[in-house]
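The following note sets out points for a colleague who is examining the model. The entry is shown first, and the numbered remarks follow.

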Amino acid sequence: MGKQRKWFVRRHPDKEPPSYYLEYGDKYAHVFSDEVRGKLSDKGKQWVDDTRRILQEKMEEGIASGKMDELDPEKFEEIAFDMHSDAYEEAGISELPYEDLRHVVSAVKSKDMFTRKAIVESAEMVDDIGLVNTGKLAYEVGWGKAKEFFEDY
């Protein structure tokens, strides 16, 4: 169980945690730490560590300030998703080599990649990683993910 989810259960033992914790936060914290990190350059590994720390800090600040209300799961998820591109940028995604970017994008499951929230966050990243890298990633990774996504339907 992820740190945020554990804290939620302590604060609200009679409530169900926001789905974000299980369906996105905990899942991708493990994917990036356990599966992706080992494939990355040293700079990429540092990016994973920094991104995880920054997201954790932003989440804690949002909850402590009242900006993020865990008892309003839809709004909570919207704000949580919105902080991702900022955290990626702060952690230095624009400095990653292309091969690291490819591993990062490839790690996102197709069902998570093609949601409104994920597409909005992806669009915000275009300036950070550049049009050339964005185009290459869309071609090399995106088409396969799209095929995978539509095969599930």
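1. Which backbone nitrogen lies 2.8 Å from a polar atom of the side chain of Tyr 28? The nitrogen belongs to Lys 109. A polar contact here is a pair of N or O atoms within 3.5 Å; within protein, one must be able to donate a hydrogen and the other to accept it, and residues adjacent in sequence count only if both atoms are side-chain atoms.

2. On provenance, this is a predicted model, in which local features need pLDDT of at least 70 and side-chain atom pairs count only at pLDDT 80 or more, whereas totals for chains, interfaces and linings use all residues. Residues are numbered from 1 along each chain as its sequence is written, and side-chain values use heavy atoms, with hydrogens and water left out.

3. The chain contains 8 helices and 0 strands, where helices (H or I, at least four residues) and strands (E, at least two) are DSSP runs numbered from the N terminus. Along the sequence the pattern reads α-α-α-α-α-α-α-α. Of the 153 residues, 42% are buried; buried means under 20% relative accessible area, exposed over 50%, and partly exposed in between (1.4 Å probe, protein chains only). Among contacts (heavy atoms within 4.5 Å) between residues at least 6 apart in sequence, 75% join residues at least 24 apart.

4. Tyr 28 is located in helix H2 (residues 19-36). Tyr 28 counts as buried because its relative accessibility is 7%. Leaving aside residues up to four places away in sequence, Tyr 28 touches Ala 107, Val 108, Lys 109 and Asp 112. The C-alpha atoms of Tyr 28 and Arg 52 are separated by 9.7 Å, and these residues are 24 apart along the chain.

5. Helices H2 and H4 pack at an angle of about 25°, with axes 10 Å apart; axes are lines fitted to C-alpha atoms, for helices over the stretch in contact, and angles run from 0 to 180 degrees between N-to-C directions. H2 is therefore roughly parallel to H4, a class for angles under 35 degrees, with over 145 roughly antiparallel, 65 to 115 roughly perpendicular and the rest oblique. On the H2 side, Ser 19, Tyr 20, Tyr 21 and Tyr 24 meet Phe 76, Glu 77, Ala 80, Phe 81, His 84 and Tyr 88 of H4. By class, this contact has 7 nonpolar, 2 polar and 1 charged residues. Ala, Val, Leu, Ile, Met, Phe, Trp, Tyr, Cys and Pro count as nonpolar, Asp, Glu, Lys and Arg as charged, and the others, Gly among them, as polar.

6. His 84, in helix H4 (residues 73-91), is buried because its relative accessibility is 6%. Beyond residues up to four places away in sequence, His 84 touches Tyr 20, Tyr 24, Leu 55 and Glu 121.

7. Thr 51 lies in helix H3. Its relative accessible area of 6% is why Thr 51 is classed as buried. Residues up to four places away in sequence excluded, Thr 51 touches Ala 87, Tyr 88 and Ala 91.

8. Helix H1 (residues 3-11) packs with helix H3 (residues 42-65) at an angle of about 20°, their axes being 11 Å apart. H1 and H3 are therefore roughly parallel to each other. Lys 3, Gln 4, Trp 7 and Arg 11 of H1 meet Gln 56, Met 59, Glu 60 and Ile 63 of H3. The contact comprises 3 nonpolar, 2 polar and 3 charged residues.
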